[in-house]
Amino acid sequence: MTAPTSARTASKTASSELPATAAKSPKLNRRQREGWAAALFLAPDVIGLTIFIGLPMVLSFVLSLFQVSGFGQYTFIGFANYQRIFADPVFYSSLRTTLIYVVCLVPGGFVASLLLALLVRQKLPGVGFFRTAYFLPFSISIVVVALIWRFMLDDQVGVVNQVLGWVGIPPQSWLGNPQLALGTAVVVTIWVQMGYYMVILLGGLQDIPTEFYEAARIDGASAWANFRHITWPLLKPTSFFVLLTSTVAALTGAFDMIYVLTKGGPANSTNVLIFYIYQQAFQYGEYGYAAAIGTFLVLIMLACSTAIFVTTRGGRFSYGD
Amino acid sequence: MFYALPMEQEPLAIYYSEKVWEDAHLSEGDIPKTWDAMLELAAKLETKDRAGLVFEPGQGYFQNFTWYPWMWQGGADAVGGDGKSAFDTKGAIQALQLFQDGVVKGVSPRTNPAAGDLPAALDKGQAAMWQSGIWNVADFRLRLPKTRYGIFRLPTPSGGRYATIAGGWAFVANKNGRNPEAAAKFCVEAVGSMDPASVKRVADWCTVAKSDISPRKSALDLGTARGGYSTPIMKQFKDDIYPGTRGEPRYPPVIYKAISDAIQNTMLAGHKAADEAEIAGASIDAYLKSYEGAKIL
């Protein structure tokens with residue numbers, strides 16, 4: 001019984017001191033208070049991005065102006081590393097491979113994810129299980145996924161060739177044939193990522209008011225008409241997000257998959273830019289040149305992001321679109 | 001720039017599965033001496049589930065390492081004695097052709113069987129023959145001591161001369177380090193002095209911890225006296241395979257990459273060996289014109 005009394009006393013004391021404390025502190029108007037609140041909310045992200053993204057980018061650009069021996073010797077060479085890029089045939093071949101990879105992966109992954117999202121949006125028994133199952137590959141380490149696929153795609157004993165053999169298709173060297181390796185890497189990457197983008201697109205689909213579909217049903221609209229005139233336009237903001245993030249992921253996130261599956265081979269057929277940067281830095285010891293290619297890749301990424309922003313008007317959509 | 005002392009040498013040979021050979025009614029007398037005989041034999045031993053002869057297919061330094069001796073056997077080299085490229089020559093072209101022939105004839109796989117695990121592949125019958133190094137002996141000893149396998153010298157092209165290659169790790173001190181003299185002394189004491197402990201350390205490393213040829217005569221003699229080379233395979237590596245060995249060249253990245261692209265494009269992309277040798281030779285020559293480093297061996 002003493003505790004409430006003490007609490008009341010403490011509360012009374014605190015409230016009696018409050019005006020004095022408040023009088024001492026500088027008064028902030030509403031705009032200033034909101035400014036401070038916004039700064040505090042943004043601070044963790046801004047600090048993290050500055051330390052882990054901004055600063056390394058600046059340092060990488062500075063490094064690209066040097067020739068680095070790998071044993072602590074730095075020689076300033078200006079933009080010579082950038083000039084070297086344009087005279088490097090492997091860079092062009094790698095750039096071409098990267099563009100093919102992105103052009104196949106991003107639309108392919110988007111279509112696969114959208115089809116899955118439309119599928120698991122249906123109210124069917126056990127749909128929760130399928131949603132989980134489709135998402136599961138994304139929750140596993142890329143290295144583990146790639147290793148498992150490497151075993152499944154083995155020329156001699158891989159399950160893929162065995163299954164194809166049952167229908168009379170001769171065994172293929174999925175990772176050893178330059179004409180197949182990049183396509184194989186794209187398919188495996190889509191398989192890994194489609195569950196993740198499915199969840200995002202599913203969220204977008206579920207945000208579409210059901211009244212639109214009910215009205216369309218009363219008007220006798222077909223399933224295709226529903227998709228074309230209701231789902232697709234109202235899903236555009238989500239689609240924009242998926243396309244943007246998957247393009248960035250395709251440009252910069254392919255390293256671990258390619259490293260485990262093919263190590264850039266056969267015959268450079270899967271040597272995407274991010275892997276070529278690794279080769280230059282950590283296999284050839286050309287840190288300055290690798291940093292220059294890295295800067296170039298950032299420019300490509302900025303160009304792609306800008307193109308997506310421009311064509312979609314900055315991701316702002318109206319229902320009239 | 002560096003002080004370096006080798007601590008091991010690892011020559012390459014061809015491994016084969018004795019069981020596969022016996023099943024095919026082959027004996028030691030059937031060991032091929034020429035490239036043609038080797039490919040012919042591989043074709044006999046190859047099945048749907050078994051590679052006849054594995055040449056390293058993976059793009060990288062290791063593939064180049066395994067390919068160099070085939071080039072040397074024909075008298076070619078990446079860089080000749082005159083400091084110019086000796087790559088666009090018959091020796092290199094026929095070595096590129098050898099790797100392509102293996103794939104085209106269907107006896108050499110485009111990816112490594114058993115995920116590159118040679119002992120497992122020979123044990124499970126997934127490969128009949130495989131070009132690789134002495135380090136596999138320790139692997140067999142540790143993991144698959146009952147697996148029966150043999151080795152033989154790399155066969156030669158007609159008119160060629162036997163050559164193989166040896167890689168291996170070394171103790172290296174950076175000249176630009178904080179105390180290069182102390183680092184160099186440490187390397188010498190560890191693996192290079194005539195102190196009995198130093199000699200024993202190298203012998204132990206090459207015959208107990210691993211299965212390598214010691215780069216030092218004193219350690220090789222000690223290892224031999226202690227029975228480290230008494231098994232038939234190790235004895236064959238020391239007395240038959242190792243003579244004719246050339247150390248792994250340390251080519252600058254541009255030269256390595258030019259040769260790597262030539263091997264990959266010929267072996268796996270089906271390009272003409274002569275064209276690839278010409279492209280690589282020109283690339284090496286262009287690089288050598290402005291090269292100012294140490295002599296390339």
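Buried area, as I use it here, is the accessible area (1.4 Å probe) that two parts lose on being put together, summed over both.

**Ground rules.** I am working from a predicted model, where local features need pLDDT of at least 70, side-chain atom pairs count only at pLDDT 80 or more, and totals for chains, interfaces and linings use all residues. Residues are numbered from 1 along each chain as its sequence is written, chains are lettered from A in the order in which they are written, and side-chain values use heavy atoms, with hydrogens and water left out.

**Entry 1, the interface.** I looked up the area buried between chain B and chain A and got about 1,800 Å², with 51% of that from carbon and sulfur atoms. Gln59(B), Arg110(B) and Thr111(B) supply 26% of what chain B buries against chain A, more than any other three residues. Counting contacts (heavy atoms within 4.5 Å), I find 23 residues from chain B and 22 residues from chain A. How many salt bridges (a side-chain nitrogen of Lys or Arg within 4 Å of a carboxyl oxygen of Asp or Glu) are there between chain B and chain A? The count is zero. Helix 11 (residues 253-267) of chain B gives the most to the chain B side, with six residues; helices here are DSSP runs (H or I) of at least four residues, strands (E) at least two, numbered from the N terminus.

Glu22(B) and Arg148(B) make one of them, at 2.8 Å, N to O. Glu22(B) lies in helix 1 (residues 18-23) of chain B and Arg148(B) in the loop between helix 6 (135-143) and strand 5 (149-152), so the pair ties together parts 126 residues apart in sequence. For burial I use relative accessible area: buried is under 20%, exposed over 50%, partly exposed in between (1.4 Å probe, protein chains only). Glu22(B) is partly exposed at 43%, and Arg148(B) is partly exposed at 39%.

Back in helix 11 of chain B, Asp261(B) and Lys257(B) sit four residues apart, about one turn of the helix. Their closest N and O atoms are 3.2 Å apart, a salt bridge. Are these two buried or exposed? Asp261(B) is buried at 16%, and Lys257(B) is buried at 8%. Salt bridges that share partners also join Glu8(B), Glu10(B), Lys210(B) and Asp212(B) into one network.

Ala120(B) lies in helix 5 (residues 118-123) of chain B. Leaving aside neighbours within four places in sequence, I see Ala120(B) in contact with Arg143(B) and Leu144(B).
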